Amino acid sequence: MNDAERIQFVIDKFAESGITITAEMAEKLVRLCDFMVEYNKNVNLTSITEFEEVVVKHFVDSVLPFFMVDIPQGSSFIDVGTGAGFPALPLLVVRPDLKGVLCDSLNKRCIYLELACKEIGVRAEIIHARSEELGRKKRECFDFATARAVAAMPVLSEYCVPFVRVGGSFIALKSVNEDIESAAGAVAKLGGKIELIKDYNIPNGDKRRLVVVKKISQTPTKYPRSSANIAKKPL
């Protein structure tokens with residue numbers, strides 16, 4: 001595909017999920033794909049490198065859940081354990097009104113994220129930190145937190161919920177194989193309540209699960225605990 005065809009492909013794949021994006025947004029995502037795939041040759045960012053797969057499994061997959069919930073204009077968020085920048089980077093391309101912080105514990109990924117933001121003209125704050133340490137410094141600072149991580153919901157909630165202000169949300173992008181309801185007790189200890197569990201498909205038919213935790217009270221100051229304690233004794 002030439003560049004024009006690739007831009008149209010991105011527009012079409014988002015449209016299949018009911019999301020309208022501009023040609024300018026699609027062009028930025030094409031550039032992000034090219035930059036990531038090239039950078040991936042030296043720094044391990046993703047195993048998905050074919051253009052069509054990147055568009056569906058990284059870009060649409062990152063953005064679609066945020067069109068299933070109401071995200072007010074100008075909302076602030078933190079992407080916890082962002083890795084190669086998913087879901088934050090595609091979300092900031094499609095929703096440039098949002099104020100994003102991308103947190104990752106690996107410095108070489110943070111360097112990539114800084115360069116990627118410059119490459120596609122996205123404004124974001126990149127923080128190199130362990131999320132449990134940052135969670136004690138930036139308590140209840142964000143309208144929402146998000147993560148597209150493989151950790152179980154009780155573990156992921158302890159990393160993410162402390163960042164969220166009361167009235168905000170933790171928006172988790174999960175697989176359909178996890179029993180989310182069993183995490184209700186852990187979520188409650190952190191000041192949250194599971195508000196939504198929604199299963200859906202991305203354009204290639206793969207199944208996904210969206211989980212929204214509403215922050216209803218302040219997180220007790222003992223959370224988040226150290227990563228060793230979180231791993232050894234999940235809530």
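In the predicted model, Glu158 touches Leu190, Tyr223, Pro224, Arg225, Ile230 and Leu235, when residues up to four places away in sequence are not counted. Of these residues, Arg225 also takes part in a polar contact, in which its side chain and the side chain of Glu158 are 2.8 Å apart. Glu158 belongs to helix H7, which covers residues 153-160. The relative accessibility of Glu158 is 0%, and the residue is therefore classed as buried, the limit being under 20%.

Helix H1 covers residues 3-16 and comprises 14 residues. From its first C-alpha to its last, H1 reaches 20 Å, close to the 20 Å expected at 1.5 Å a residue. The N-terminal end of H1 is capped by Asn2, a side-chain oxygen of which lies 3.1 Å from the backbone nitrogen of Ala4. Just after the helix, Gly18 adopts a positive phi of about 80°. The buried residues of H1 are Arg6, Ile7, Phe9, Val10, Ile11, Lys13 and Phe14.

On the H2 side, the contact is made by Leu29, Val30, Leu32, Cys33 and Met36, and on the H3 side by Phe51, Val54, His58 and Phe59. By residue class, the contact of H2 with H3 contains eight nonpolar residues, one polar residue and no charged residue.

The loop between H2 and H3 contains Asn40. With a relative accessible area of 17%, Asn40 is buried, since this class requires a value under 20%. When neighbours within four places in sequence are left aside, Asn40 is in contact with Leu45, Thr46 and Thr49. Both Asn40 and Glu158 thus fall in the buried class, with relative values of 17% for Asn40 and 0% for Glu158.

Technical notes. Residues are numbered from 1 along each chain as its sequence is written. This is a predicted model: local features need pLDDT of at least 70, side-chain atom pairs count only at pLDDT 80 or more; totals for chains, interfaces and linings use all residues. Side-chain values use heavy atoms; hydrogens and water are left out. Helices (H or I, at least four residues) and strands (E, at least two) are DSSP runs, numbered from the N terminus. Buried means under 20% relative accessible area, exposed over 50%, partly exposed in between (1.4 Å probe, protein chains only). A polar contact is a pair of N or O atoms within 3.5 Å; within protein, one must be able to donate a hydrogen and the other to accept it, and residues adjacent in sequence count only if both atoms are side-chain atoms. Contact means heavy atoms within 4.5 Å. Ala, Val, Leu, Ile, Met, Phe, Trp, Tyr, Cys and Pro count as nonpolar, Asp, Glu, Lys and Arg as charged, and the others, Gly among them, as polar. The expected span of a helix is 1.5 Å times one less than its number of residues.
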